[in-house]
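We will go from stop to stop, and at each one you will get something to select.

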Amino acid sequence: MRILFICTGNASRSAAAEAVLKKLIKTNNLTGIDVASCGTRVPDNLEREEVMCNIAAEYGYEMGGKAIPMSTTLLDSADLIIVMTNRHREEVTRLLCFDHWNRIILFNDFCFGEQSDLPDPHFQTEYVYRTCFQHIENGCKEIILKLKQNK
């Protein structure tokens with residue numbers, strides 16, 4: 001199974017979700033699950049946001065590197081596409097074959113049963129980034145529970 005997280009720049013939300021879920025998969029000894037992330041609008045050579053990388057490190061997660069732009073190759077390879085907002089869903093549907101739209105789900109819906117967007121912390125206070133990260137970590141813990149149920 002391949003899980004793909006998507007946000008706008010792949011600099012904070014989706015990258016954090018990727019880092020958290022990868023580590024949780026490893027610590028829960030789950031196998032056969034690949035995790036990746038990308039962004040719908042990634043400028044060339046965009047680095048991951050330092051503030052989110054630092055917060056992730058405080059919680060024991062390794063996050064960094066360059067942001068990855070969304071592509072049809074990444075979308076087609078994913079069994080589950082978790083978007084952070086409804087706008088991301090719309091952008092994914094522009095590239096993804098209609099037959100695969102059932103693979104797309106909103107992060108808050110999948111993790112918490114809420115039809116709401118996960119706001120972008122970009123250009124906001126560290127507190128907003130920290131709150132966003134904690135929400136992502138809690139959501140990824142819910143994903144682990146779902147993965148364990150399906151094993």
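A residue is called buried when its relative accessible area is under 20%, exposed when over 50%, and partly exposed in between (1.4 Å probe, protein chains only). Before you start, note that this is a predicted model, in which local features need pLDDT of at least 70 and side-chain atom pairs count only at pLDDT 80 or more, while totals for chains, interfaces and linings use all residues. Residues are numbered from 1 along each chain as its sequence is written, and side-chain values use heavy atoms, with hydrogens and water left out.

**Stop 1: the aromatic rings**

Select Tyr-61 and Phe-133, which are both buried. Rings of Phe, Tyr and Trp (its six-membered ring) pair if their centres lie within 6.5 Å; planes under 30 degrees apart count as stacked, over 60 as edge-to-face and the rest as tilted. Tyr-61 and Phe-133 make a tilted pair, with 5.8 Å from centre to centre and 55 degrees between the planes. Tyr-61 belongs to the loop between helix 2 (50–58) and helix 3 (72–77), and Phe-133 to helix 6 (residues 126–149), 72 residues apart. Helices (H or I, at least four residues) and strands (E, at least two) are DSSP runs, numbered from the N terminus.

A charge sits over a ring if NZ of Lys or CZ of Arg is within 6 Å of the ring centre and within 35 degrees of the ring normal. For another example, select Lys-146: its charged end sits over the ring of Phe-110, 5.1 Å from the centre.

Next, pick Phe-5, Phe-107 and Phe-112, which form one aromatic cluster. Phe-5 and Phe-107 are buried.

**Stop 2**

Switch to a cartoon view. In what order do the strands of the open sheet lie? The order of the 4 strands is 2-1-3-4, and their pairing is parallel. Strand 2 (34–39) and strand 4 (104–106) are at the edges with a single partner strand each, so one side of each has no neighbour in the sheet. From one strand to the next, the twist averages 25 degrees; axes are lines fitted to C-alpha atoms, for helices over the stretch in contact, and angles run from 0 to 180 degrees between N-to-C directions.

Two strands pair if DSSP finds at least two bridges between them. Strands 1 and 2 pair over 6 bridges, and you can find Ile-6 opposite Cys-38 in strand 2.

**Stop 3: the salt bridges**

Side chains of opposite charge can pair when their charged atoms come close. A salt bridge is a side-chain nitrogen of Lys or Arg within 4 Å of a carboxyl oxygen of Asp or Glu. The whole structure has 8 salt bridges.

Select Arg-2 and Asp-34, whose closest N and O atoms are 2.2 Å apart. Arg-2 is in strand 1 and Asp-34 in strand 2, so this pair ties together parts 32 residues apart in sequence. Arg-2 is buried at 19% relative accessible area, whereas Asp-34 is partly exposed at 35%.

Finally, select Arg-41, Arg-87 and Glu-91, which are linked in a network of salt bridges. Between Glu-91 and Arg-41, the closest N and O atoms are 3.6 Å apart. Is Glu-91 buried or exposed? Glu-91 is buried, at 7% relative accessibility, while Arg-41 is partly exposed at 47%.
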